[in-house]
Structure formats: structure tokens, C-alpha cells
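Please open the structure in your viewer and keep the selection panel at hand. The tour below moves through aromatic side chains, one selection at a time.

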Amino acid sequence: MKGYAYQSPGEMGWVEKEKPRAAGIDAVVRPLMISPCTSDVHNAEMGYVEPGRILGHEGIAEVVETGNQVKDFKPGDIVAISPVTPDWRTVLTQKGVPQHCHGLLSGNVLSNSMDGLMAEYALVPDADMNLAHIPSGVDYAAAVMATDMMNTGFYGAELADVQFGDTVVVLGIGPVGLMAVAGARLRGAGRIIAVGSRPVCISAARDYGATDIVNYREEDVARQIYKLTDKQGADKCIIAGGDERALGQAVAMVRYGGTIGNVNYFTTPGDLSISNSRWGFGMSNKTIRCGMVTGGRARLEGLLSMVRYGRVDPLPLITHRYQGMEGIVPAFRGMAEKPPELIKTLVEI
Ligand code: NAP
Ligand code: ZN
């Protein structure tokens with residue numbers, strides 16, 4: 001079978017591999033729609049995966065083969081795939097971090113320790129726990145956006161502990177940040193301040209519930225938030241973009257007792273710094289929470305239910321669609337280059 005794989009830092013290309021076979025609790029799927037994630041781009045740029053690794057962890061697929069212990073899925077089912085497919089039988093999973101079931105990011109299996117979804121076939125570990133049925137009436141492209149973008153953006157809103165009436169800053173409004181805006185709104189935020197610069201993202205942020213826009217290119221972000229909130233700071237900040245200054249900016253812009261929820265993947269080497277005075281010399285009661293999304297079937301089926309019943313529509317995230325396997329190349333390039341009019345790409349295989 002054919003797959004689109006990491007070759008060397010910044011280099012991707014087609015590879016031929018054996019079609020995987022399903023055994024035990026695993027399933028083989030045939031990807032029908034996939035979307036490249038900015039994390040795939042980070043992995044490819046930084047060389048965080050081994051050469052020849054097929055990338056891709058956002059998609060929907062047809063089940064083609066199941067192991068003899070798979071109970072709830074059968075060949076022919078159209079399913080959404082969790083972007084994080086943890087081993088659900090480990091001590092760290094039982095302690096609440098399935099995404100790190102065997103160590104840092106080890107639940108992020110597809111496109112990391114196993115081949116991902118940018119291929120004619122893919123093996124999904126523990127199908128009953130990591131696949132999700134797509135409710136009738138849910139557009140397949142919307143289901144793809146639910147797998148990782150809604151999942152992660154909403155996770156940011158959860159990590160930041162958004163409560164009714166909160167003033168929330170969403171730092172970065174690519175597809176993840178836009179879903180964080182939608183998630184903050186659903187959790188009852190009052191004011192939502194979205195930080196970005198590209199008009200296409202700013203317009204989408206307003207549609208998803210942003211009440212204010214801050215352009216990080218114009219002036220220091222924390223200073224702008226400080227001014228907008230009458231020097232009080234925001235209650236919560238969700239980091240979904242930004243450079244190595246983002247954590248320090250978030251600490252500076254939240255009020256005493258405020259919470260920061262980070263879902264950004266900081267790939268820049270070196271330390272992230274926080275100003276001691278803005279940290280209140282360790283006395284400010286500001287909380288930082290961070291992480292990769294937990295993954296799994298229950299969470300994904302819940303998100304798909306929210307799409308099914310009209311609580312959120314992730315379809316406007318998709319600005320560019322491509323057809324066929326060969327569409328993976330421009331779709332991936334688009335996510336790497338982020339031209340002004342692009343939010344997210346989709347490939348209909
Ligand atoms: P994206 O499309 O690149 O969006 C990044 C956003 O950050 C854009 O709105 C961009 O603004 C903004 N930005 C760039 N530089 C900034 C700065 N200096 N200050 C403030 N904002 C800045 O990325 P994405 O696809 O939404 O993904 C966001 C992050 O989530 C990535 O790091 C990705 O790897 C990570 N991720 C994490 C998980 C997880 O499980 N935790 C899952 C998926 C993705 P403009 O483009 O408008 O200028
Ligand atoms: Zn991802």
C-alpha cells in the first residue's frame with residue numbers, strides 16, 4: 001500500500017509498505033477523509049519521528065478488518081478515529097493521563113510509534129476504545145474536524161477551567177484556537193478575546209463567539225489585554241498558538257488566581273520563561289495547566305453528539321479541499337505554509 005511519510009527534517013514523500021493485518025483488539029481501516037494537523041508539520045520539521053513513518057492522525061475511515069476480540073465495530077462501518085489512541089490498560093492511564101500511558105506523548109501512537117492515516121490502510125490499536133461511531137446526520141468532513149480540532153480546542157477550554165461569565169483570552173486562532181473560542185463560549189464565558197492576525201481567522205473567531213480581537217503583531221499581547229481589561233487581567237487564558245514567549249505572556253495577562261490552559265505544542269528548543277514579578281514572585285495564585293488531549297472513544301462520541309445536535313459546527317474551519325491520495329501533498333504543504341486565506345485543509349481520499 002501507498003503512504004505519505006516523513007523522510008528527513010522538512011522532507012516528506014511517498015512510501016510503499018505492506019498492508020497491515022488486524023489481530024486481537026485492533027482493526028484495519030481504509031481512510032476516507034483525512035486532514036493534516038499542525039502537529040504533523042511540527043513533527044516533520046523537527047524530525048521527531050523516524051524516517052519512513054507515515055503521518056496523519058485526523059480522519060474518518062471504513063473498517064475493513066477487525067481482530068477477533070473487537071466487539072463493537074465490523075467491516076463496512078464508517079468511523080471517526082481518535083487522534084490519540086492510548087493503551088487503556090496501564091497505571092498512568094488509570095492515574096488519569098492516558099495520553100502518556102507509557103511515557104510522554106506515548107498515547108499519540110498514529111504517526112508517531114505506528115504508521116498514521118495518510119495511507120491506503122492503517123492499523124488502529126484497541127478499536128473498541130479508540131474508534132467512534134459517527135451519528136447519522138453528521139457530515140463526514142465535520143466528523144474529521146471533531147476528531148482533533150474540536151477535541152483539542154475544547155480541551156484547552158477545560159484545562160483553563162472556563163466558568164460562566166469569565167473573561168477568556170484565546171492566544172492563537174488557527175483551527176485549534178477557533179475551537180477553543182467555541183468551547184469557551186459553550187462553557188459560558190462572558191467576554192472572549194481572540195488573539196491572531198490573519199483576517200480569515202479573525203472573521204471565523206467572531207463567528208465562533210469572540211467578542212474582541214487583539215492583533216499580536218501590533219503591540220505586546222499582555223499589554224493589550226491589560227489595557228482592554230482595565231488593568232485587571234483576564235480570568236482565563238487558553239494558549240493555542242504563539243512562540244516561546246506565549247507562556248510568559250499568558251502568565252502576565254491573567255489576573256491573580258487566574259488559570260492558563262495550554263494545548264500549544266512548543267517545539268522551540270530551550271526554556272520557556274516567565275517573568276517573576278508577573279508570576280507574583282510565586283505568590284499570585286496563578287495556575288498553569290497543559291497537555292495533549294486525552295483521546296479515546298467516549299470523548300470523541302460526545303463531541304460528535306455535540307455536532308449532531310447543532311451545538312457547534314466545525315465545518316467552517318475547512319477552507320481548502322483536495323481529492324484523492326495525491327491531494328495529501330498540497331494539503332500538507334498548506335498546513336505548513338499557512339497562506340493568508342487558509343485555516344484548515346481536508347483530503348477526500
Ligand atoms: P495554527 O493554524 O498554526 O495557528 C496558530 C495561531 O497562532 C494562529 O492564529 C497565529 O496567528 C497565532 N500566532 C502565531 N504567532 C503568534 C504569536 N507570536 N502570538 C500570538 N499568536 C500567534 O495552528 P493550529 O493548527 O491551530 O494548532 C495550534 C497548536 O496546537 C499547534 O502547536 C499544534 O501543534 C497544537 N496541537 C496540540 C494538540 C494537543 O493535543 N494538545 C492537538 C493538535 C494540535 P496568525 O496566523 O493569524 O498570524
Ligand atoms: Zn493533531
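Begin by selecting Tyr-265, which counts as partly exposed at 26% relative accessibility (buried means under 20% relative accessible area, exposed over 50% and partly exposed in between, with a 1.4 Å probe and protein chains only). This is a predicted model, in which local features need pLDDT of at least 70 and side-chain atom pairs count only at pLDDT 80 or more, while totals for chains, interfaces and linings use all residues. Residues are numbered from 1 along each chain as its sequence is written, chains are lettered from A and ligands numbered from 1 in the order in which they are written, and side-chain values use heavy atoms, with hydrogens and water left out.

Tyr-48 and Tyr-265 form a tilted aromatic pair, 6.4 Å from centre to centre with 40° between the planes (rings of Phe, Tyr and Trp, the last by its six-membered ring, pair if their centres lie within 6.5 Å; planes under 30 degrees apart count as stacked, over 60 as edge-to-face and the rest as tilted).

A search of the whole structure finds three aromatic pairs. For another of them, select Tyr-4 and Trp-14, whose ring centres are 5.0 Å apart and whose planes stand at 55°, so this pair is tilted. Tyr-4 counts as buried at 7% relative accessibility, whereas Trp-14, at 33%, counts as partly exposed.
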